[in-house]
Amino acid sequence: MGSKNINELLNIDKIYNGCFPCKDLLGLELLDKRTLQTILRVAAYFKQALVKPNHKSSILDGKTLITLFYEPSTRTRISFELAAKKLSADVINIAINTSSITKGENLIDTGKTLEAMKADYIILRHYFSGAPNILAKYLTTSIINAGDGEHEHPTQGLLDLYTIYEYKKDFSNLKVLLVGDILHSRVAKSNIWALTKMGAQVSVVGPPTLVPCYIKNLGVKVYYNFDEAIIQADVINMLRIQFERQQENFFPSIREYVKLYQLTKQRLLLANPNVLVMHPGPMNRGIEISSDVIEEYHNTVVNKQVTNGIAIRMAILYLLNKRRC
Ligand code: CP
């Protein structure tokens, strides 16, 4: 899979006059529908290549990608590393605990240090909403947001979009339900930006304390009763309760949360029989989702989402390599 090949196949050069319009990927709020569609097309190309036995490409030969994660990760960090390696980039993972960040070096100085070492991409996960935007202003290196605070997780939003597209093929009037801890979820926000732009009808459901008032302004319908909301859904995206971001109790007890908001096989009987069940991971098994739904329901696609994450991240690395500056 050569660069020339993919450019010709997908008409990328014609669409963008040879250059992708963005230096960074900071959030899906900033991307238009055409760009989202292009990312899906490029990801489909890489997904097809991924399943072939010899699928390494030289597209990013000579490029360097550095992952800088101030919060833990399994899926996002490893799939960025795999995506970069499949495109022949060099990859360095910074271990925050053994880096000079522990001596008090700030984010911008750390970023400038990595840029001076000729990093082409910095993949940044940070507990502070807006941290990738700040870094992107100071550096010419491409910054990719791998999740910032409660703000956005754009590559998760894109891989969710891609997974829905694989199964449902058309977003127009598709009903997507996001369930649970909407307040703390950057995945929810990226899903909402992407899905509404593509024409889907997005709803959220959760305890009133975990559904922020402003969410209605993003063009989504709000429910508080899961049994009522599930009836209309074509896709259910279950969100993790983010205990690590909760300094106070947002619901009376886990037992009550489970009763009202856990996705169980019993609750799935209320839904469309082909409803797609998603979860970005990591899952709190037995809290927001039951083990039998994960293991036994025919349309649970959690592991498919993980695989699609590699294709999406390959697509993003490829497109940002064609950036305008
Ligand atoms: N979905 C997600 O971001 O998972 P990780 O925290 O494991 O990267």
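**Exercise 1. A strand and its partner**

Task: Find the residue in S6 that is the bridge partner of Val179. Then describe how strands S5 and S6 pair.

Solution. 
Step 1. Val179 has Val205 as its bridge partner in S6. The model you are looking at is predicted.
Step 2. Look for a second pair. Leu177 has Ser203 as its bridge partner in S6.
Step 3. Now take the strands as wholes. S5 covers residues 175-179 and S6 covers residues 201-205. They pair in the parallel sense, over five bridges.
Step 4. Recall the background: strands of a sheet pair through backbone hydrogen bonds, either parallel or antiparallel.
Step 5. Check how covered S6 is. Four of its five residues are buried, and the strand is mostly covered.

**Exercise 2. Salt bridges across the chain**

Task: How many salt bridges does a search of the whole structure find? Work through the pair Arg186 and Glu71, then the pair Asp227 and Arg267.

Solution. 
Step 1. The search finds nine salt bridges.
Step 2. Take the side chains of Arg186 and Glu71. They meet in a salt bridge at 3.0 Å, N to O. Arg186 is in helix H8 (residues 186-197), while Glu71 is in the loop between strand S1 (64-69) and helix H4 (75-86). The two are 115 residues apart, and the pair links distant parts of the chain.
Step 3. Judge their cover. Arg186 has 7% relative accessibility, so it counts as buried. Glu71 has 14%, so it counts as buried too.
Step 4. Turn to Asp227 and Arg267. Their side chains meet in a salt bridge at 2.7 Å, N to O. Asp227 lies in helix H9 (residues 226-230) and Arg267 in helix H11 (residues 265-268), so the pair ties together parts 40 residues apart in sequence.
Step 5. Asp227, at 33% relative accessibility, is partly exposed. Arg267, at 11%, is buried.
Step 6. Note another bridge. The side chains of Arg240 and Glu244 meet at 2.8 Å, N to O. Glu244 is partly exposed, at 46%.
Step 7. Finish with a network. Salt bridges link Arg77, Glu81 and Lys85. Here is some helix background: an α-helix has 3.6 residues a turn, so residues three or four places apart point the same way.

**Exercise 3. A helix and a surface patch**

Task: What span does helix H13 reach, and what span is expected? Then name the residues of the nonpolar surface patch.

Solution. 
Step 1. H13 runs over residues 302-320, which is 19 residues. From its first C-alpha to its last it reaches 27 Å, close to the 27 Å expected at 1.5 Å a residue.
Step 2. Count the cover. Of the 19 residues, 15 are buried, so H13 is largely enclosed by the rest of the structure.
Step 3. Tyr127, Phe128, Ile134 and Tyr138 make a nonpolar patch of about 430 Å².
Step 4. Zoom in on Ile134. This residue is in helix H6 (residues 131-138). At 34% relative accessibility, Ile134 is partly exposed.

**Exercise 4. Backbone details in loops**

Task: Which residues does the cis peptide bond join? Where do Lys169 and Asn173 lie?

Solution. 
Step 1. The cis bond joins Gly281 and Pro282, with omega about -10 degrees. Pro282 is in the loop between S9 and helix H12 (291-296).
Step 2. Lys169 is not a glycine, yet its phi is positive, about 70 degrees. Lys169 lies in the loop between helix H7 (154-168) and S5. At 55% relative accessibility, Lys169 is exposed.
Step 3. Asn173 is not a glycine either, and its phi is positive, about 65 degrees. Asn173 lies in the loop between H7 and S5. At 51% relative accessibility, Asn173 is exposed.

Notes
Residues numbered from 1 in each chain as written. Predicted model: local features only at pLDDT ≥ 70, side-chain atom pairs only at ≥ 80, totals over all residues. Heavy atoms only, no water. Patch = residues over 30% accessible without salt bridge, like charges linked within 9 Å, V, L, I, M, F, W, Y side chains within 5 Å. Areas by Shrake-Rupley, 256 points an atom, 1.4 Å probe, with all protein chains shown as cover. Salt bridge = Lys/Arg side-chain N within 4 Å of Asp/Glu carboxyl O. Buried < 20%, exposed > 50% of the residue type's maximum accessible area, 1.4 Å probe, protein only. Pairing = 2+ DSSP bridges. Expected span 1.5 Å × (residues − 1).
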